[in-house]
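Here is my note on this model, point by point. Please keep the structure open as you read.

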Amino acid sequence: AVLALAGGAAWLAGSAALPSGAGTVVLAAGLAVTVWLVVQATRAGGTGRGPRLDRDRRRRVLSLLVVGVGLVVLGSTLLRATGRAELTVPVTVAVGGALLLPLASLLDRRSLIALGAALMLLGAGGAVLALNSAGVTESQGLVGLVGGVLLWAVAAQQAGLIAQLRDRIRR
């Protein structure tokens with residue numbers, strides 16, 4: 001459910017870069033997908049969850065989350081102060097991807113390694129796009145929407161929805 005919510009947040013950032021009419025429709029569709037994925041992940045129960053974390057692992061996961069939030073807040077503040085606010089979304093996505101790499105080993109989920117690498121590449125590409133364009137629409141929209149889809153895809157895979165779809169297609 002956490003990945004689905006993160007996907008919804010990324011989709012929100014991406015849809016905010018779109019014009020108001022289209023952005024509202026895209027945002028509504030993204031919110032519907034997020035709610036549906038959270039409900040499906042909750043219904044999946046134990047199948048989408050990894051092994052129970054012991055106290056030491058839980059502490060390391062929480063410290064990674066705190067470091068990640070701190071880096072994002074500090075980085076976005078510094079980027080806005082230096083006049084590079086268009087890099088905020090790409091840098092946030094890249095930092096999130098980088099934090100997924102150690103989380104993958106702590107949570108014993110290999111799919112998070114691929115997701116983290118894809119998000120870091122997406123953030124780097126979005127930063128290059130932001131530096132070579134006149135506004136934030138292209139980089140923020142592209143990085144936010146694609147990042148949301150990537151996060152949703154992994155959330156669906158971990159909730160067992162991809163396996164259900166594969167079984168329905170085989171019938």
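1. Start with Arg60 and Asp56, which sit four residues apart in helix 3, so about one helical turn separates them. Their side chains meet in a salt bridge, at 3.4 Å from N to O. Side chains of opposite charge can pair when their charged atoms come close. Arg60 is partly exposed, with a relative accessible area of 36%. Asp56 is partly exposed as well, at 33%.

2. Keep in mind that this is a predicted model. The protein chain has an average pLDDT of 89. Of the residues, 94% score at least 70. Which element of the protein chain has the lowest mean pLDDT, and which the highest? Helix 7, residues 161-170, has the lowest, at 85. Helix 5 has the highest, at 94. Where pLDDT is low, the predicted coordinates should not be read in detail.

3. Return to the charged residues. The structure holds four salt bridges. Asp56 and Arg60 also belong to a network of salt bridges, and Arg59 is linked into that network with them.

4. Another salt bridge joins the side chains of Asp108 and Arg57, at 3.3 Å from N to O. This pair links distant parts of the chain, 51 residues apart. Arg57 lies in helix 3, while Asp108 lies in the loop between helix 4 (88-107) and helix 5 (111-131). Is Arg57 buried or partly exposed? Its relative accessibility is 25%, so Arg57 counts as partly exposed. Buried would need a value under 20%.

5. Stay with Asp108 and look at its backbone. Its phi is near 60°, a positive value in a residue other than glycine. Most residues other than glycine have a negative phi, and most peptide bonds are trans. Asp108 is placed in the loop between helix 4 and helix 5. With 48% relative accessibility, Asp108 counts as partly exposed.

6. Now take Glu86 and Arg84. They form a salt bridge, and their closest N and O atoms are 3.5 Å apart. How do the partners stand in accessibility? Glu86 has 18% relative accessibility and therefore counts as buried. Arg84 is partly exposed, with a relative accessible area of 40%.

7. Next, the aromatic rings. How many aromatic pairs does the structure hold? It holds one. Trp11 and Trp152 form this pair, and it is tilted. The rings are 5.0 Å apart, centre to centre, with 35° between the planes. The pair links distant parts of the chain, as its members are 141 residues apart. Trp11 is in helix 1 (residues 2-15), and Trp152 is in helix 6 (residues 137-158).

8. Are the two tryptophans of the pair buried or exposed? Trp11 has 14% relative accessibility, so Trp11 counts as buried. Trp152 has 8%, so Trp152 counts as buried too. The cut-off to apply here is under 20%.

9. Last, find Ser76 in helix 3, which covers residues 55-81. The side chain of Ser76 reaches the backbone oxygen of Val73, at 3.1 Å. Ser76 counts as buried, because its relative accessibility is 15%.

Definitions and conventions. Residues numbered from 1 in each chain as written. Predicted model: local features only at pLDDT ≥ 70, side-chain atom pairs only at ≥ 80, totals over all residues. Heavy atoms only, no water. Helix = DSSP H or I, 4+ residues; strand = E, 2+ residues; numbered from the N terminus. Buried < 20%, exposed > 50% of the residue type's maximum accessible area, 1.4 Å probe, protein only. Polar contact = N/O pair within 3.5 Å; in protein donor to acceptor, adjacent residues only side chain to side chain. Phe/Tyr/Trp six-rings, centres within 6.5 Å; stacked < 30°, edge-to-face > 60°. pLDDT = per-residue confidence, 0-100.
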